Amino acid sequence: MPTSLVEAESLLSVDVGSVNTRAALFDVVDGRYRYLGSGIAPTTAYAPYHDVGEGIRTALDHLQLVTGRILVGNDERLIIPAKDDGSGVDALVATLSAGPPLKVVALGLLESVSLDSIRRLANTTYARVVDSISLNDRRKQEERIDLILRLRPDLVLAAGGTDNGASHSVMRLLEAVGMASYLLSEDQRPELLFAGNTALEAEIRNSLGKLMRVHFADNVRPSLEVEQLESTQLRLTDIYRSVRSRKLSGVDELNTWAGSGLMPTAAAFGRVVRFLSKVYDAHKGVLGVDVGASATTLAAAFNADLQLKVYPQFGLGQSLAELPEHTSLEAIARWMYLEVSPNTLREYLYQKSLYPSSLPATAEDLDIEQSIARVVMQLAVSRAMGEFSAKITRSGVGLLPWF
């Protein structure tokens with residue numbers, strides 16, 4: 001069992017991204033934690049390896065070469081905790097963003113209440129809501145079943161009913177999920193996270209527990225006026241880890257090294273931003289923006305109150321091909337200091353989506369890539385601004401709060 005992070009002197013962090021896998025080493029030097037070095041390698045979650053472990057070991061080999069520390073034993077396993085001879089590390093923390101976004105079907109009673117809350121919940125991790133089901137949905141039950149069979153979601157996020165409120169209508173909506181899971185093979189069945197009327201937990205467990213993995217969290221809408229997502233986000237983190245462990249080789253081993261604490265990169269990023277908001281001026285928030293290949297993540301915290309948004313559609317990798325659906329080529333070109341044709345821009349977006357690990361080779365390529373980064377940041381911030389509380393101090397209408 002890894003040493004507690006509180007007791008650890010040497011600390012290894014591993015981040016498995018969509019394009020690169022990074023390993024960084026920290027240790028106590030002269031009584032203070034110091035960054036000692038890092039190793040980097042291409043992520044091997046995809047063909048031909050289909051195993052994130054290969055990229056992790058290559059990154060660790062690079063780190064060993066840079067620092068001169070022995071971290072991996074002859075058995076190809078991480079040495080943890082550290083030994084008296086200085087080899088190994090006391091603790092490891094790991095984050096993951098590799099792999100396609102989770103496909104989510106959102107299920108809720110009311111479109112503007114529980115279903116909206118479920119969509120906001122899905123936006124806190126690497127997930128895409130591929131369809132929604134609600135009381136207003138005019139599709140017949142068999143059409144809902146066919147929908148789930150066709151989409152093969154990784155996860156069904158469900159809510160509905162205030163505490164001790166609606167029950168029959170919620171169970172009726174969940175029937176389609178149960179029937180579809182019954183018709184799917186066991187390895188294709190989605191997981192279910194229910195964050196609605198807590199009085200239904202036993203009934204849902206009895207009716208669906210044998211068909212699929214069922215998880216429960218606090219009601220996201222305990223009353224019509226109150227929305228609470230924080231505790232449910234923690235359950236969503238566990239489910240993300242579970243789905244990735246089943247679909248990506250090597251994730252289970254990494255999670256074991258991390259003492260079962262593997263986290264989505266976005267969730268860990270949000271924690272850091274929330275911590276910084278407690279350290280700095282309480283009259284201003286802290287804004288963090290992470291523009292990655294898999295997604296653009298925006299974390300805004302105001303005195304430890306965190307708002308986390310993950311936008312897989314705004315990543316700088318495979319999703320670039322769909323960027324013109326969210327903005328225009330002219331909006332990208334206006335940031336550039338070089339003149340390029342719309343066809344050149346469009347071609348670059350498609351090429352980059354096919355080869356996300358490629359690097360800009362010319363000044364023109366670099367100009368295009370930096371302009372794309374500005375646009376996706378602008379799109380992410382614009383979407384998130386509408387959910388910042390009106391009570392937060394800002395300079396004027398339509399402007400960001402003070403950060």
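Strand 12 (residues 296-302) is largely enclosed by the rest of the structure, because seven of its seven residues are buried. The model is a predicted one.

Q: What makes the residues of strand 12 count as buried on both of the ways they point?
A: T296, L298, A300 and F302 point one way from the strand. T297, A299 and A301 point the other way. Buried means under 20% relative accessible area. Both sets are buried.

Q: How do you know that strand 11 and strand 12 pair?
A: Pairing needs at least two bridges between the strands. Strand 11 (residues 286-291) and strand 12 have six bridges, in the antiparallel sense. So the two strands pair by that definition. Within this pairing, G288 stands opposite A299 in strand 12. Strand 11 and strand 12 form a hairpin, with four residues between them.

Q: What joins strand 12 to strand 13?
A: Seven bridges do, and the strands run antiparallel. Strand 13 covers residues 305-311. The cut-off is at least two bridges, so strand 12 and strand 13 pair as well. T296 stands opposite Y311 in strand 13.

Q: Which residue takes a positive phi in the hairpin of strand 12 and strand 13?
A: N303 does, with a phi near 50°. This hairpin has two residues between the strands.

Q: Why is T265 called buried?
A: Its relative accessible area is 13%. Buried means under 20%. T265 is therefore buried. T265 lies in helix 8 (residues 265-279).

Q: What makes the link between the side chains of T265 and D15 a polar contact?
A: The side chains are joined at 2.9 Å. The limit for a pair of N or O atoms is 3.5 Å.

Q: Which residues is T265 in contact with, leaving aside its neighbours within four places in sequence?
A: D15, T95, L96, S97 and Y126. Contact here means heavy atoms within 4.5 Å.

Q: Which residues make the contact of helix 3 and helix 4?
A: From helix 3, Q141, R144, I145, I148 and L149 take part. Helix 4 brings residues including R172, L173, E175 and A176.

Conventions
Residues are numbered from 1 along each chain as its sequence is written. This is a predicted model: local features need pLDDT of at least 70, side-chain atom pairs count only at pLDDT 80 or more; totals for chains, interfaces and linings use all residues. Side-chain values use heavy atoms; hydrogens and water are left out. Buried means under 20% relative accessible area, exposed over 50%, partly exposed in between (1.4 Å probe, protein chains only). A polar contact is a pair of N or O atoms within 3.5 Å; within protein, one must be able to donate a hydrogen and the other to accept it, and residues adjacent in sequence count only if both atoms are side-chain atoms.
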